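Hi there,

Here is the structure I promised to send over. Have a look at it first, and my notes on the charged side chains follow below.

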Amino acid sequence: MADAGRARKIADRIKTLIAANVESIVKDPDLGFVTITDVRVTGDLQHASVFYTVFGDETQRAKTAALLEKNKGRLRSFVGGQIQIRLTPSLDFFADAIPETAAHLEDLLREAKERDEAVAAAAAGATYAGEADPYRKPEPEDDLDGVDDAGDADDTGTDGSQDSGADARA
């Protein structure tokens, strides 16, 4: 079994070869504008999955898929002659869903932007249902100078015992 680095290098080489030469090998006017987006090679280098996109409508995509399937052997022979490894991987072509996925994501982003704008418009003239700051805050303490609320001096001694109010010196 080949290492992942070698499989990746072979996949990149196959992608480059097919992308550069697909029009000269297929030679059919019905072949659409094909873009090879990705190639994945199995770990044993026996099979290669070629992902492609086609610019055009659904009939153009169907024609291109049929042409690629029909000329799969010629493309494999060309790739085998160029990469020169012991076994040439078999080629399987798959239509890539990148354009459809991108269009769907664009629609979702547009919808999210419209909803954000609607929320911002609704919030522009809104007022608070209660106070502007609904969180409770601790009340400021007035006992910082040792005088209680009645204005009397604090009757606790340093040992924590209560004085009777009488002066101890008298």
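Arginine 40 is exposed, at a relative accessible area of 52% (buried means under 20% relative accessible area, exposed over 50%, partly exposed in between, with a 1.4 Å probe and protein chains only). Its side chain meets that of aspartate 38 in a salt bridge, 3.1 Å from N to O (a side-chain nitrogen of Lys or Arg within 4 Å of a carboxyl oxygen of Asp or Glu). Aspartate 38 is partly exposed, at 26%.

Before you read on: this is a predicted model, where local features need pLDDT of at least 70 and side-chain atom pairs count only at pLDDT 80 or more, while totals for chains, interfaces and linings use all residues. Residues are numbered from 1 along each chain as its sequence is written, and side-chain values use heavy atoms, with hydrogens and water left out.

Searching the whole structure gives 7 salt bridges. One of them joins lysine 72 and aspartate 92 at 3.8 Å, N to O. Lysine 72 sits in helix H3 (residues 72-83) and aspartate 92 in strand E3 (residues 90-95), so this pair ties together parts 20 residues apart in sequence (helices, H or I with at least four residues, and strands, E with at least two, are DSSP runs numbered from the N terminus). Lysine 72 is partly exposed at 22%, and aspartate 92 is partly exposed at 29%. Glu69 joins Lys72 and Asp92 in a network of salt bridges.

In helix H4 (residues 98-124), arginine 110 and aspartate 107 are 3 residues apart, about one helical turn. Their side chains form a salt bridge of 3.2 Å, N to O.

Best wishes
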